[in-house]
Amino acid sequence: MKALPAVDVVIVGGGWTGLLMAKELGSRTALSVVVLERGGPRSTGDYSVEMDELNTLRFRMMQDLSEETVTMRHSSRQRAVPLRQHGAFLPGSGVGGAGEHWGGWFPRFLPDTFALRSRTIEKYGPAKLPADHSIEDWGITYDDLEPHYTRAEYLVGASGKAGNLRGTRIEGGNIFEGWRSTEYPTPPTKIPYIASLFRDATQSLGYHPYPLPSATTSTSFTNPDGVSRPGCTYCGFCDRYGCMIGAKAQPTNTLLPVIQKHKNVSIRTAAWVRRIVHSSADGKRRVSGVMYVDALGKETFQPAALTILASWTLNNNRLLLLSGIGEPYDPATGKGNLGRNLTHQVSMSLVTLFFEKPLNRFMGSAAAGIRVSDFDGDLVEKTQLPFLQGGSFNVSNLTTGPIANFGVLPPSVKARWGSDWKKAALYHYDRTSGIRFAGEHLAYKGNCMDLDPTYKDRFGDPLLRMTIDWRDNERKMVEFMTAKAVEIGRAMGATQVVPFPGLHAYDTTRYQSSHVQGGTIVGSSPDRSVVNGYLQHWEFSNLFILGASSFPQNASPNPTATILALTYRTADAIVDRYLKTPGPLG
Amino acid sequence: MIGWQLVGFPGPRMSNYDDIDKHYGEAFRPKPTSLRQMTGVDVRTGEDEK
């Protein structure tokens with residue numbers, strides 16, 4: 001194996017978190033920093049010729065499942081099978097990762113999120129928690145994160161309207177949000193017709209609609225790093241595409257321009273990290289670097305004083321499991337923490353709505369829309385309801401391409417083929433929409449990750465095995481929220497409303513979101529978590545683990561704002577404290 | 001492209017900025033508009049160029 005000269009910092013993964021950390025360390029220190037990304041290079045210019053729905057249907061921006069996938073089962077009694085096609089989630093590949101093809105939704109978490117376990121017990125008593133839950137508090141608070149949320153919003157030029165400015169509630173924004181120190185850096189985006197119907201309907205029902213917080217700028221914006229991006233043109237090629245003009249914040253248009261100015265930071269593409277190399281000597285556990293396979297297939301050792309794991313949730317877990325770092329979680333005994341608390345997001349279109357008037361769905365961006373959070377978190381009293389927590393309703397023109405969305409018909413159309421079907425399909429294509437729900441997925445003892453005993457990747461390493469299923473809490477929540485969505489859909493003027501059929505077993509074929517969390521969870525004690533509040537590994541102080549793998553459980557809002565806020569907080573801890581006195585920060 | 005237009009999808013348009021909030025409740029069926037048409041600047045056309 002080839003050994004390279006040592007660097008100060010090696011970062012595994014060139015997505016949002018890896019490149020944000022590289023930017024911070026490159027800008028604020030003289031450390032030598034190497035980012036290892038297994039995909040290829042990307043830039044905004046690539047996207048001007050990729051406005052083609054076939055590119056998304058062929059998953060050209062996603063991880064190549066023929067090289068590495070995961071296996072999945074619903075419970076430990078089953079044998080897992082590999083996912084050979086993308087479905088429930090869409091992991092990215094290449095510089096920028098999933099941050100290139102994301103939708104740009106950028107909400108903050110509610111303050112209560114960070115103390116879910118203790119707050120629920122305090123309010124409802126322990127009996128209200130599901131029998132097999134493994135819900136944990138984060139060990140950090142919303143107040144800890146607030147300044148970093150603000151930094152993240154200014155980094156991406158987030159658009160939106162404040163609903164709680166330093167404690168003052170502001171109508172028109174999300175009045176349920178935690179306090180924020182500043183207004184959004186850019187005003188709300190324009191909204192398409194369907195979102196205006198949703199806004200008016202929810203207002204008439206007494207709810208509190210507000211502009212969806214978005215990492216797509218509504219106007220030209222120059223961020224504190226001096227990176228300028230234009231406002232959105234609502235071209236409609238947004239989620240599952242790279243933004244051709246750079247209005248949607250992506251690592252390549254927001255972080256790369258800064259990183260490229262710093263000679264102490266380099267990005268190596270086609271570098272597939274297979275192991276984190278570590279040792280124990282004199283009672284001290286140390287990571288000494290990473291082993292990766294380069295573009296020519298050569299095994300390479302990159303020594304580093306500090307290792308930062310910044311790949312996607314499932315890949316963070318798999319690398320640690322393959323490397324033998326931390327005790328793997330055993331759901332039968334409850335021992336070990338690595339791989340526990342796997343959660344997804346309860347995400348679907350709760351209703352399909354059919355209208356008389358055309359909607360012009362081709363115009364918009366994924367996050368140019370309206371959101372209602374009246375049912376999020378614990379905002380609705382749950383004493384008399386059969387579930388905990390909740391979620392938000394959202395309407396925007398999301399993934400409306402004509403290939404994937406043609407032929408969705410209401411129950412009143414009886415024809416299944418022929419000219420009557422064609423006529424109906426043509427009529428309804430631009431008269432069909434839905435109300436999306438983003439709901440909370442609690443953590444359970446049986447939902448976890450480990451290494452599959454059977455299936456391997458292209459190098460012969462075991463695949464990650466997901467054991468995951470919904471519980472009654474999610475099913476009853478969806479049932480409750482579907483009834484609300486039906487009511488809203490009718491108020492929007494839909495002539496026919498088709499409700500979601502209900503949440504049954506976890507379905508890998510239905511896209512839900514790419515918001516998968518857990519496995520390296522954050523906490524205030526090494527007994528119940530993998531990393532401390534600064535995302536530093538409890539046992540290996542020179543290893544930090546970024547991203548949503550640190551979330552103890554899913555919170556209903558989309559996670560990227562929180563992921564970036566946590567990364568900023570970790571960067572501060574490394575620069576201000578760790579580099580001065582290397583060692584445990586927790 | 002013709003097939004797309006038949007179902008009410010105009011194909012790629014560089015910008016809908018002036019139209020997204022103007023045509024509420026009425027069909028708006030513009031023609032496809034390329035980056036080149038909008039900006040007058042040649043852009044790389046990918047594999048077709050080879």
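Guide: In this predicted model, A:Pro211 stands opposite A:Ile370, a residue of strand 17 of chain A. The pairing that holds these two residues joins strand 8 of chain A to strand 17 (residues 369-372) of chain A, in the antiparallel sense and over three bridges. Both strands belong to an open sheet of six strands in chain A, whose order is 8-17-18-19-16-22 and whose pairing is antiparallel. Strand 8 (209-211) and strand 22 (496-499) of chain A stand at the edges of the sheet; each has a single partner strand, so one side of each is left without a neighbour there. From one strand to the next, the twist averages 25°. Helix 11 (residues 472-491) of chain A packs on this sheet, where it touches strand 16 (346-354), strand 18 (391-396), strand 19 (432-439) and strand 22 of chain A. The direction of helix 11 makes about 30° with that of strand 16 of chain A.

A second open sheet of chain A has four strands in the order 5-4-21-20, and its pairing is mixed. At its edges stand strand 5 (81-82) and strand 20 (448-456) of chain A; because each has a single partner strand, one side of each is left without a neighbour in the sheet. Within this sheet, strand 4 (residues 70-73) and strand 21 (residues 462-467) of chain A run parallel and are joined by four bridges. A:Val70 stands opposite A:Leu464 of strand 21 of chain A. Helix 8 (residues 313-323) of chain A packs on the sheet and touches strand 4, strand 20 and strand 21 of chain A, its direction making about 125° with that of strand 21.

Two hairpins of chain A may be taken next. Strand 12 (residues 272-281) and strand 13 (residues 284-293) of chain A pair antiparallel over nine bridges, with A:Val273 having A:Tyr292 of strand 13 as its bridge partner. The two strands form a hairpin with two residues between them, and A:Asp282 in the turn has a positive phi of about 55°. Strand 13 is also joined to strand 14 (residues 299-309) of chain A, by five bridges and in the antiparallel sense. Here A:Met291 stands opposite A:Phe301 of strand 14 of chain A. This hairpin has five residues between its strands, and A:Gly297 in the turn has a positive phi of about 85°.

There remains the contact between the chains. Chain A contributes 30 residues and chain B 27 residues. Together the two chains bury about 2500 Å², with 67% of that area on carbon and sulfur atoms. Of the area that chain A buries against chain B, 24% is supplied by A:Lys190, A:Phe362 and A:Met363, more than any other three residues supply. A:Lys190 also forms a salt bridge with B:Asp21, in which the closest N and O atoms are 3.7 Å apart. The count of salt bridges between chain A and chain B is two, and eleven residue pairs are in polar contact across the interface. Helix 5 (193-204) and helix 10 (418-429) of chain A each supply at least two residues of the side that touches chain B. The residues on that side of chain A divide into 18 nonpolar, eight polar and four charged.

Definitions and conventions: Residues numbered from 1 in each chain as written. Chains lettered and ligands numbered in written order. Predicted model: local features only at pLDDT ≥ 70, side-chain atom pairs only at ≥ 80, totals over all residues. Heavy atoms only, no water. Contact = heavy atoms within 4.5 Å. Buried area = accessible area lost by both parts, 1.4 Å probe. Salt bridge = Lys/Arg side-chain N within 4 Å of Asp/Glu carboxyl O. Polar contact = N/O pair within 3.5 Å; in protein donor to acceptor, adjacent residues only side chain to side chain. Nonpolar A, V, L, I, M, F, W, Y, C, P; charged D, E, K, R; others polar. Pairing = 2+ DSSP bridges. Axes fitted to C-alpha atoms, helices over the stretch in contact; angles between N-to-C directions.
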